[in-house]
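Here are my notes on the pockets, for reading alongside the model.

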Amino acid sequence: MIGYLNGTVYSITPPTLLLEVHGVGYIVYTPGSAIQHITPGEPLQLFIHDHIREDSRELYGFLTPEDLELFTHLISVSGIGPKTGVAALNIASSSHLRSAIIHGDASLLQRVPGIGQKTAQRVVLELKERLAKEYGEQMGVDHSYRDDADVIDALVGLGYAIHNVQTVISEMSPEIIGMQNRLKTALQLLSKL
């Protein structure tokens, strides 16, 4: 099993990138939210989930161990495959997704292509307690994920590309509170892209 890869980005073809490690090129599925911060020719370390099936072997790579850990939790739920797990990390950061699950908010998960209401509720039911034990104390009460989810929906509805929206959301200070304030700031940041 592969735990992480450390090499040079050879090329990027979303949703995958080709990572050269000691003369060997590894095709790695990577969330779009991570790919937008990666440049060909630069060194890169990815934390890897090695997904082996009877007929194939796929590598899924994440920039942080926390992203990999949440991905692993998500795909442990029946009905969530690795590609859906990666798609979940495209709609919100791992901390926002964890917070939504811990607070029992299945609506954020329903924004993920391939996750309907029942599957989202199953994810919350199966992971809420486990994630609360692992992260609850260090997270405190964080409801900003709801504001960011609404901001993402509004901006995508206005025609902005999801990866650009996620970039500006991740760059925003957590001190900007409230959906309207975060939307206004996001629009300002998007105008600079």
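1. A quick definition: on a 1 Å grid over the protein atoms alone, a pocket is an open set of points where a 1.4 Å probe fits, with protein on both sides within 12 Å along at least five of seven lines, and lining residues have an atom within 4 Å of a point. This is a predicted model, where local features need pLDDT of at least 70 and side-chain atom pairs count only at pLDDT 80 or more, while totals for chains, interfaces and linings use all residues. Numbering runs from 1 along each chain as its sequence is written, and side-chain values use heavy atoms, with hydrogens and water left out.

2. The second largest pocket is lined by Pro14, Pro15, Tyr29, Thr30, Pro31, Gly32, Ile35, Gln36, Tyr60, Lys83, Val86 and Asn90. Two or more of these come from each of α1 and α3, and α3 gives the largest share, three residues. Helices here are DSSP runs (H or I, at least four residues), numbered from the N terminus.

3. By type, that lining splits into seven nonpolar, four polar and one charged. Ala, Val, Leu, Ile, Met, Phe, Trp, Tyr, Cys and Pro count as nonpolar, Asp, Glu, Lys and Arg as charged, and the others, Gly among them, as polar.

4. Now the largest pocket: it holds about 470 Å³ of space. Its lining has 30 residues, with Ser33, Ala92, Ser93, Ser94 and Ser170 the closest to its centre. They divide into 14 nonpolar, 12 polar and four charged.

5. Which helix supplies the largest share of the lining of the largest pocket? That's α6, with four residues.

Methods:
Grid points are joined across faces, edges and corners, and a volume is the space filled by probe spheres set on the points.
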